[in-house]
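Hi there,

Here is the structure I promised to pass on to you. Have a look at it first, and my notes follow below.

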Amino acid sequence: MSETVAERQQSTGEVDNPITGIDIDLVGVTKRYPGQKRAAVEPIDLHIPAGEIAIFIGPSGCGKTTSLKMINRLIEPSGGKILLGGEDSTTVNENELRRKIGYVIQGGSLFPHLTVADNIGLVPGLLKWDKKRISDRVDELLELVSLDPKRYRNRYPRELSGGQQQRVGVARGLAADPPVILMDEPFGAVDPITRQRLQDELMSIQEELRKTIVCVTHDIDEAIKLGDRILILAEGAQIQQYDTPEAILAAPANDFVADFVGAGSSLKQLSLSRVSDIELSQPTTATIGESAADALSRAQTNRDKAVIVLDSRRRPRDWVWLRELKSQDRITDPGDDEINTVDRRATLNDALDTMLADSHAGAIVTGRRDEYLGVINFEKVTEHMVATTAQVQAEQEESGPDQPNGTQPGQDQPDQDQTGQDQQGEPQGAGA
Ligand SMILES: Nc1ncnc2c1ncn2[C@@H]1O[C@H](COP(=O)(O)OP(=O)(O)OP(=O)(O)O)[C@@H](O)[C@H]1O
């Protein structure tokens with residue numbers, strides 16, 4: 001199995017933030033629902049290292065959600081053991097489980113009659129934190145998920161957009177600072193651009209907090225983008241492959257995986273390229289409140305056609321054409337309007353999507369806590385993609401046509417039973 005970012009950082013000592021997550025181990029875990037002929041989860045062995053994001057993916061009904069929910073005992077296993085940081089989860093009481101595991105589901109699933117603050121403060125309240133501590137924690141988490149506490153803490157869920165509700169859902173999952181976060185299709189209910197922003201934010205939060213995150217998704221691109229490791233399951237939660245996205249794309253373990261990863265998996269390697277691989281341009285910036293004439297004159301000297309407006313914490317708030325500046329006295333705050341940005345960890349595919357939704361032929365790039373970093377340009381992305389495609393093709397020609405089980409990534413597969421029953425390749429990666 002190839003090395004993950006967390007492993008590399010550990011072995012080289014280049015650790016920015018300490019890991020706050022804990023190991024999760026499934027040992028011979030099974031689940032048979034009453035009256036079920038075939039077990040939903042046949043014995044599964046799995047090790048998820050502390051500080052990593054593991055993504056569960058597989059066809060509908062293969063047992064992803066059941067496997068996830070057994071980790072926080074929303075579903076009781078029929079057999080086997082689940083260890084959290086080496087401790088058997090069946091010996092842990094309910095409050096201790098709440099403290100250890102945060103849970104985030106599609107749409108945020110907020111309580112409609114509670115404010116944002118009360119939704120986020122729910123678990124800390126159950127854990128009997130005092131009011132001041134809960135209130136401070138709510139503000140801290142709203143900042144972390146890029147919602148201004150003053151503006152949002154007293155709103156009700158119906159007063160938020162779908163993406164904002166989902167952010168509050170993430171904040172609620174993080175509220176008691178649990179080492180483990182479980183996410184079930186967390187970004188399934190929002191439009192593609194919001195989905196991409198939420199994924200970026202999750203990666204940014206994870207870089208800071210280094211929890212152990214287990215996430216179920218139906219979207220292979222989301223799995224490739226977010227996962228340190230991807231677990232590909234077939235019916236009965238049988239492990240087909242459990243490895244890094246790079247390793248799975250380069251060498252699918254069997255036909256089932258190759259088929260699941262999908263046609264053009266060599267091209268999918270492009271979605272492994274990140275915004276941070278590209279040199280950013282640095283157009284003129286201006287700060288809210290400063291003289292518009294000063295900003296205009298700087299932009300004209302730099303031969304820029306537009307200016308990026310930052311707030312006092314250097315977060316991008318607007319991208320204005322010079323003609324709009326000419327009618328202004330001061331650089332103004334655009335208010336509630338959200339600006340499209342991409343995180344530096346976003347994939348180039350995401351960056352392209354954001355550019356297409358914008359009229360500037362570029363996308364504003366942000367780093368930790370939404371801080372402005374520069375602009376990624378269309379030409380730079382296409383140049384990089386052309387170079388990467390050429391490299392992937394050259395590597396494929398060099399390695400010849402033989403792939404595991406005679407399958408070439410991207411090659412059309414014969415009709416297969418999605419249950420995996422017709423597959424010849426042995427499931428791999430169990431207990432890896
Ligand atoms: N409460 C239940 N009672 C009986 N069978 C169930 C129950 N919950 C799930 N199952 C069955 O167990 C199997 C696994 O279900 P699970 O929800 O874990 O799959 P999944 O991979 O998450 O599916 P999806 O991607 O469609 O959400 C399915 O065959 C499902 O019908």
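Let me start with the ligand: the residues around the ligand are Tyr33, Gln36, Ala40, Gly58, Ser60, Gly61, Cys62, Gly63, Lys64, Thr65 and Thr66, where a residue counts as near a molecule if its C-beta atom, placed from the backbone, lies within 6 Å of it. By class, this shell holds three nonpolar, seven polar and one charged residues; Ala, Val, Leu, Ile, Met, Phe, Trp, Tyr, Cys and Pro count as nonpolar, Asp, Glu, Lys and Arg as charged, and the others, Gly among them, as polar.

Please keep in mind that this is a predicted model, in which local features need pLDDT of at least 70 and side-chain atom pairs count only at pLDDT 80 or more, while totals for chains, interfaces and linings use all residues. Residues are numbered from 1 along each chain as its sequence is written.

Next, the helix packing. Helices are DSSP runs (H or I, at least four residues), numbered from the N terminus. Axes are lines fitted to C-alpha atoms over the stretch in contact, with angles from 0 to 180 degrees between N-to-C directions.

The axes of H8 (residues 162-174) and H9 (residues 192-209) come within 10 Å and cross at roughly 20°. H8 and H9 are therefore roughly parallel to each other (angles under 35 degrees). On the H8 side, the contact is made by Gly162, Gly163, Gln166, Arg167 and Val170, and on the H9 side by Thr194, Arg197, Leu198 and Leu202 (C-beta atoms, placed from the backbone, within 7 Å). These residues divide into three nonpolar, four polar and two charged.

H9 also packs with H16 (residues 348-356), at an angle of about 135° and with the axes 10 Å apart.

Best wishes

Terms used
Helices (H or I, at least four residues) and strands (E, at least two) are DSSP runs, numbered from the N terminus. Angles under 35 degrees count as roughly parallel, over 145 as roughly antiparallel, 65 to 115 as roughly perpendicular and the rest as oblique. Two residues are in contact if their C-beta atoms, placed from the backbone, lie within 7 Å.
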